[in-house]
Amino acid sequence: MAGFEYRQDFKEIPNLDSAGINKYLCSNCLMVVIGPREHSKLERLLRLALHVLSYADWFTSALLAASCKSVEQLPSKVGLMERLSQAICKAHLDAMASLSAAISHLVVARRLSVLSGPPVGDSYRATLLEAPLTGDDLFGGVLTSVQSEMRLDPFASEDARHKSAGKGASRKRHASGSSRRRRKKEKTAAFPLRWNVGNLPSTVGVPIGVEAKPNFPENYTVGECFKVKVILRDKYGRRLQNDGDVLRIWLVNYNLKANVIGSTTYIGNGTYVGKLLLPWKGNGTVFVSIAQTRQAITSVMSAINKYGNLYEMYGLFSNEIDRYHGQTDKTLCSTVSIPRMGADVCNLTSQNFGYSWFCAKPKSLRCEDWKAVSGRIKTFLPQYIVTKTRNQFMVLRNTVKIQIGGETEIMSRSVMSCHDLPKASTWTEAVPTGFYYKRKWNFVNCRSRLKRTEWSYLQCLKGRHLLIIGDSNTRNFVAYLRVILKLSFYPNEVPLGPYVHFVFGHNRPYNVSMSWFPHEHPFFNSQYLTIKSMQSVANRLNNVGSHNNSIILIHIWAHFVRIPPFVFRQHIRGISNSARSLLRRSPEVSIYIKGPHAILDRESVAPSDYLQRVHKQIWFEEFQHLQEKVTFLNMWDITGGTENQYIHPDDDLVTDMVHNFMSYACPS
């Protein structure tokens, strides 16, 4: 029945008594203003409820008549009475859903009536209208937080005055106010995304529904593909019509310490299809969550593309000969030139290895005096947008319980060694590339023949150099490999903390060596990092000589989610060109690309689930001519199902990711 569409709203309506109705609908209000369209919708909902109740009355009469018949008179009595009871239950649920939807429309109309008086900015008005239907007051308990945000927002009062003044102002006053509006527009140009806040749904305002097919089976078999339909609706039960929300789906059995990541595909009309491989025998819980909403992605990516960075970065300019002679200055920098830099801007692209880079020109120094870069934790976004964006991350986590049977404990997998797997296939592997079972990572398309022992790793790397280039996540690889390979570092041991300088280690008996370099800017660090120490990955590859047999691991991810994708493409294209030249002069070199890893940290503002898809696509396109010679390491599947929390995975996950890499690098 049509009324069944409104069931979701019923979950959000509190139990109302006579006092509660005044509390939620008509407190301090003479009347509730309902427009013609809302009036028509309310009337249809009430008529629908009455219509459904008439069906329930007919079903009840039929049930009573059937109960008076004997089994001889009515052979199908038991089945008929069961079906009639289910129909009565469904009809009552549909009627209650329709009534709850009608009440929700009254609540919204009441909110509109209250907000028609005081001037409120568009973004805050939308937040109040989309507030949860439950709560201690008319606006679902969010009124206090909205008032606090308005007090902290320097433009809130100005927006409200502008909106109020536009309601009955004369033509002369309207004309004279145009100059003020132009000045206001110039003043707020640094925060162009604030108008998107009103479109950001609240965590209750955009419910996620998991709708199953009529013949939804309870039991599955190991190795099967589980599919579930996911429907996104707004708080009125209407399907979201626009694509762009990023969903994450995964399967977990905490007792077995098993998990696997899945994939989602948008098929239109607010509907996604989630797919999961069922690799183990036993029960499982399917988790579905909105990783990032479309509005949050749009707001953050608009800021990144406009300002060139999500966070502020500063350049250090200096002409000092020594600590007593010379000058220094610090100015704002970014991957694009922005108005905040002023009229005089230094284009430092050529000094930044050909990658887009701009800084405000220092007052008394030359652009050629650029020496170092430092990052800040301050974003270009207003704080209230940052807060809302963080609240939009991994919201509305829904679950489905399933039972998985079969003759084997886990699914059958390929017996081919991961080292022998064609490199081109690692770029196009379907999700998932593997799964966890009893805390052990299992590949789907290959088999790891390498043991996690010191001897196995040393035999694999004997007579070879391991070159690792990246950020602190690859430095964690170095910290683990240092122990298992028994490396001695020169000139000193690798220090703890935010260490970003070159390191080198050597195991003389096995002739195994390892070095680590940081990638180029942007590299967000509170310390000023010199340009000489932060050379590009492409430049590091160019420095590798001919007839070399090094194993090279490259990772670019966490620092680059804060810059525009077109700038990220510049860096990957440079790496691709250098890798092609290196493989031409040193065919024995092995190159591995460590892909993005998943996080669940709400403090992260960048839409990582969205950007990992963008970054993977850029890697794929720029390395299309090298995919038969370069291996792509999918780290998202390892960290997504394990619900990795932070940007730096824990030690167990680091160990598994290192072994993943070594399984591809080492022969059987």
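At what angle do the axes of helix α11 and helix α17 cross, and within what distance do they come? The axes cross at roughly 45° and come within 11 Å. The legends below refer to a predicted model.

**Figure 1. Crossing of helix α11 (residues 454–461) and helix α17 (residues 651–665).** The axes of the two helices cross at roughly 45°, which makes α11 oblique to α17. The crossing in which α11 passes α17 is left-handed. On the α11 side, the contact is made by Y457, C460 and L461. On the α17 side, V658, H659, M662 and A665 take part. Sorted by class, the contact of α11 with α17 has six nonpolar residues and one polar residue, with no charged residues.

Figure 2. The relative accessibility of K616 is 22%, so K616 counts as partly exposed. Leaving aside residues up to four places away in sequence, K616 touches P596, F632, N634 and W636. One of these, N634, is 18 residues from K616 along the chain. The C-alpha atoms of K616 and N634 are separated by 9.6 Å.

**Figure 3. The cis peptide bond from V431 to P432.** Omega of this bond is near 5°. P432 belongs to the loop between β14 and β15.

**Figure 4. The cis peptide bond joining H521 and P522.** Here omega is about 10°. P522 is placed in the loop between β20 (512–518) and β21 (529–530).

**Figure 5. Positive phi at N511.** N511 is a residue other than glycine, and its phi is near 55°. The loop that holds N511 runs between β19 (503–507) and β20. With a relative accessibility of 46%, N511 counts as partly exposed.

**Figure 6. Positive phi at H547.** Although H547 is not a glycine, its phi is positive, at about 55°. H547 sits in the loop between α13 (537–542) and β22 (551–554). H547 has 78% relative accessibility and therefore counts as exposed.

**Figure 7. Residues 1–31, with pLDDT below 50.** The mean pLDDT of the protein is 79, and 77% of its residues reach 70 or more. Over residues 1–31, however, the pLDDT is below 50. In the model this stretch has 63 contacts beyond near neighbours in sequence.

**Figure 8. Residues 153–215, with pLDDT under 50.** The value stays under 50 over this stretch. For residues 153–215 the model has 108 contacts beyond four places in sequence.

**Figure 9. Context for the close-up views.** The protein has 668 residues, and buried residues make up 50% of them. Its secondary structure comprises 17 helices and 24 strands. Of the contacts in the protein with a separation of 6 or more, 76% are between residues 24 or more positions apart.

Definitions and conventions: Residues are numbered from 1 along each chain as its sequence is written. This is a predicted model: local features need pLDDT of at least 70, side-chain atom pairs count only at pLDDT 80 or more; totals for chains, interfaces and linings use all residues. Side-chain values use heavy atoms; hydrogens and water are left out. Axes are lines fitted to C-alpha atoms, for helices over the stretch in contact, and angles run from 0 to 180 degrees between N-to-C directions. Helices (H or I, at least four residues) and strands (E, at least two) are DSSP runs, numbered from the N terminus. Angles under 35 degrees count as roughly parallel, over 145 as roughly antiparallel, 65 to 115 as roughly perpendicular and the rest as oblique. A crossing is left-handed if the near helix is turned anticlockwise from the far one by less than a right angle, and right-handed if clockwise. Contact means heavy atoms within 4.5 Å. Ala, Val, Leu, Ile, Met, Phe, Trp, Tyr, Cys and Pro count as nonpolar, Asp, Glu, Lys and Arg as charged, and the others, Gly among them, as polar. pLDDT is the predictor's confidence in each residue, from 0 to 100. Buried means under 20% relative accessible area, exposed over 50%, partly exposed in between (1.4 Å probe, protein chains only).
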